[in-house]
Amino acid sequence: MALISSSGFDPLENMKNKNKPSLPKPARIPKEKEEGEIVVRSEVQPEDNAEYSLRPESLATYIGQNQLKESLGIAIKAAKQRKEPVDHILFYGPPGLGKTTISMIIAREMEASIKITSAPALERPRDIAGILSSLKPFDVLFIDEIHRLNKITEEILYPAMEDFSLDITIGKGPTSRIKRLPLNKFTLIGATTKAGSLTSPLRDRFGLINRLNFYEVEELKEIIVRSAEILKLKVSQEGAIIIGERSRGTPRVANRLLKRVRDFAQVNEEKLVTAEIAIKALDLLNIDHKGLDPTDRQIINTIIDNYNGGPVGIETLAAAINEDISTIEDVYEPYLLQTGFLNRTPRGRVVTHLAYKHVGRW
Ligand code: ADE
């Protein structure tokens, strides 16, 4: 795919002068920014900044995803020995499991910078061309929600990923010609909650494809203990387990709940987060002992009350509870499937007897 240079972006100029990319100035993480790290056209969630200091900075301090850590450790070591960037990586799985965090760690371990963007921010050819041509050797380009790339941007990425080159079309009509510009060797990391929505030409260009799994309670407990230490909050092992059990297998949720429990302990002048304090704080937030929140329970109760336990189509369900289809699919459903409260059948969603029991309807 060729890039039409009439868009105002001049890749040739940009290649000559790498310190002055012709992109709008990248937004920077305002505080706690690490050296060598920038966010390009920030689409960072508010919670991401708040969580920034809680992110582990090395594979050694990253808790959980053991198989993934092992294979990434090997890939990083091998790439460094060969003095090459790590092969392009695709991470998929539900939100909050650490796709961005692991990508930051990969960049750090490669002693390179990371540029973080997301597919909806890459609207025009010049957006992706500007970023690609500003990458330094071994840099990591992280594209979140990569399944949402438009066709033109995706096609610019193919030669960039395969041959580290940027194809631009010079001129128009029959006399136009394609000029191939070399790029520095980089690693593209794509993240998605919907691996099935990626086109196969894009998927095939990733050398490593990894799924991130929900975390065990024991792993979440360790993450909570580590985060509590960073936040200078005293938490008992039992208190950390209670929070871990209610964290939906998700570190992002664990850290968010820990902060809410901290608020509760502070206001009640409690010096130590015990199991009892954690239970009181989380009960107050309507988060039950399995980590279900009011929306999860509304999904279960609606399927029971309105559709006799299912099956019900996702569109119908979304309309009934007044929630986005993609929020149900990406945020709520994966955990309800994991806990065995919900099943997906060809005819729609069905709640299980476990769900009936959980909401006291059995
Ligand atoms: N904070 C968030 N996720 C983490 C993880 N996997 N390990 C350690 N700390 C974390």
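Start with the shell around the ligand: its residues split into six nonpolar, four polar and two charged. Keep in mind that this is a predicted model.

**Around the ligand**
- The residues surrounding the ligand are L54, R55, P56, Y62, I63, G64, G98, T101, I223, R226, P251 and N255.
- Helices α8 and α10 are the elements that each give two or more residues to that shell.

**Where α8 meets α10**
- Helix α8 covers residues 217–230 and helix α10 covers residues 251–267; their axes come within 10 Å and cross at roughly 45°.
- That angle makes α8 oblique to α10.
- The crossing of α8 past α10 is right-handed.
- On the α8 side you'll find L220, I223, I224, S227 and A228, which meet P251, A254, N255 and L258 of α10.
- This contact is made up of seven nonpolar residues, two polar ones and no charged ones.

**Where α9 meets α11**
- Helix α9 (residues 237–245) and helix α11 (residues 275–284) have axes that come within 7 Å and cross at roughly 25°.
- Angles under 35 degrees count as roughly parallel, so α9 and α11 are roughly parallel to each other.
- From α9, E238, G239, I242 and I243 meet A275, I277, A278 and I279 in α11.
- Sort the residues of this contact and you get six nonpolar, one polar and one charged.

Methods
Residues numbered from 1 in each chain as written. Predicted model: local features only at pLDDT ≥ 70, side-chain atom pairs only at ≥ 80, totals over all residues. Axes fitted to C-alpha atoms, helices over the stretch in contact; angles between N-to-C directions. Helix = DSSP H or I, 4+ residues; strand = E, 2+ residues; numbered from the N terminus. Parallel < 35°, antiparallel > 145°, perpendicular 65-115°, else oblique. Left-handed = near helix turned anticlockwise from the far one by under 90°. Contact = placed C-beta atoms within 7 Å. Nonpolar A, V, L, I, M, F, W, Y, C, P; charged D, E, K, R; others polar. Near = placed C-beta within 6 Å.
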